[in-house]
Amino acid sequence: MSILYCIARPIIKLSGMKKMFAGSKEELLKRAEKINRKRGFVKLNSLRCQYKDEMICGNYHCLKIETQPVKSKKALLFLFGGGYIIGPDAGDLRVASDMGKQSGRDVWFPYYPLCIDHSVKIAFKMGYEVYKKMLSEYEPHNIAILGFSSGGALAIGICLHNNAQPKPLPMPGLIVASSPGSVPLSEEEKRKMAILDEKDLCVSASFMETIREIMEHGENIPEYMLSGVRGNFSNFPLTHFYYGSDEVLYAEAEYFEKAYDNYQAKCVIHVGEGMFHCYPMLPYFREGKAAYKEIIEILKI
């Protein structure tokens, strides 16, 4: 590990980030409400990109960002993280715009509905509708989906949801999922997450179980919306997974790998040794910067 990361690691631990995602359902929602008061729909003022807002499913914002001098033939569907309870901030939008600009892709940035007032079904519906709309402007093989944390789960989930439809849409050309969220549905998964919990700096293993009740909102939810490894991966595009070896969600990597194998789909699992949840989002030290650049190179293809 780099010297800078060795210095940053205890600082991250002391920051209390892990505590933010610990506790009861009521405590989680109370913290999320406080954070979300300072967040919401925003456009960046930038001469480098053109921003256009489009409403999806009636009242949900989706920013369409043209990152090139002229409209690109390639597009990136960028899905922010936050455990389905915390909305994006300007930092998420800057990362999306930068990755789009460097990879030569336009960016679609949906403000998908959180599980504060609705079940996760609504997020899946909105994400699917955004992708469907993208297909009217771009060839499917020119669309890539990139997501972090809950956004990573949704990146995979949109394609799983597509396979659950009577007449599936054409699949995108690529998926990149960094630390995709996944509710543990077996005792083996829970046990493996519990082992990694001691190392995880950001997310507690208990959160991955508590969030299930929040995602369900008392409704009967398809398993693939809770745990992506239980979906139908038929005709899936090449998928790149990014995990830190010291995060609880790394426990799901082997299950995703098996699921892809079962459906003859291809995936590549990148593991940052000693790294934490969604480390490519923090390119301030060598390992995070290297993963950030690597994702951009993957998106250039």
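A residue counts as partly exposed when its relative accessible area lies between the 20% under which it is buried and the 50% over which it is exposed. The close-ups below all come from a predicted model.

**View A. A salt bridge joins lysine 25 and glutamate 213.** Across the whole structure, a search finds 17 salt bridges. In the one shown here, the closest N and O atoms of lysine 25 and glutamate 213 are 3.6 Å apart. Lysine 25 belongs to helix α3 (residues 25-36) and glutamate 213 to helix α8 (residues 205-216), so this pair ties together parts that are 188 residues apart in sequence. Both ends are partly exposed: lysine 25 has a relative accessibility of 26%, and glutamate 213 has a relative accessible area of 47%.

**View B. Aspartate 89 and arginine 39 form a salt bridge.** Their closest N and O atoms are 3.6 Å apart. Here the pair links distant parts of the chain, 50 residues apart: aspartate 89 sits in the loop between β3 (75-79) and α4 (90-103), and arginine 39 in the loop between α3 and β1 (50-56). Aspartate 89 is partly exposed at 31% relative accessible area, and arginine 39 is partly exposed at 32%.

**View C. Glutamate 189 meets arginine 230 in a salt bridge.** The closest N and O atoms of this pair are 2.6 Å apart. Glutamate 189 lies in helix α7 (residues 187-197) and arginine 230 in the loop between α9 (223-226) and β7 (239-244), so the bridge ties together parts that are 41 residues apart in sequence. Is glutamate 189 buried or exposed? Glutamate 189 is buried, because its relative accessible area of 1% is under the 20% limit. Arginine 230, in contrast, is partly exposed at 31%. Elsewhere, salt bridges with shared partners join Glu54, Lys64, Lys71, Asp106, Lys133 and Glu137 into one network.

**View D. Leucine 135 is found in the loop between α5 (120-134) and β5 (143-148).** Which residues does leucine 135 touch, once neighbours within four places in sequence are left aside? Its contacts are Pro140, Ile143, Leu169 and Pro170. Methionine 171 is 36 residues from leucine 135 along the chain, and their C-alpha atoms are separated by 9.7 Å.

**View E. Eight strands build an open sheet with mixed pairing.** Follow the strands across in the order β1-β2-β4-β3-β5-β6-β7-β8. At the edges stand β1 and β8 (267-272); each has a single partner strand, so one side of each is left without a neighbour in the sheet. On average, neighbouring strands are turned by 20° against each other, direction ignored. Within the sheet, β5 pairs with strand β6 (residues 174-178) in the parallel sense, over five bridges. Here you can find phenylalanine 148 opposite serine 178 of β6. Helix α6 (residues 150-163) lies across β3, β5, β6 and β7, and runs at about 145° to β5.

**View F. Helices α7 and α8 pack at an angle of about 135°.** Their axes are 8 Å apart. This angle makes α7 oblique to α8. On the α7 side the contact is made by Lys190, Met193, Ala194 and Asp197, and on the α8 side by Ala205, Met208 and Glu209. Sorted by class, the contact holds four nonpolar, no polar and three charged residues.

How values were computed
Residues numbered from 1 in each chain as written. Predicted model: local features only at pLDDT ≥ 70, side-chain atom pairs only at ≥ 80, totals over all residues. Heavy atoms only, no water. Salt bridge = Lys/Arg side-chain N within 4 Å of Asp/Glu carboxyl O. Helix = DSSP H or I, 4+ residues; strand = E, 2+ residues; numbered from the N terminus. Buried < 20%, exposed > 50% of the residue type's maximum accessible area, 1.4 Å probe, protein only. Contact = heavy atoms within 4.5 Å. Pairing = 2+ DSSP bridges. Axes fitted to C-alpha atoms, helices over the stretch in contact; angles between N-to-C directions. Parallel < 35°, antiparallel > 145°, perpendicular 65-115°, else oblique. Nonpolar A, V, L, I, M, F, W, Y, C, P; charged D, E, K, R; others polar.
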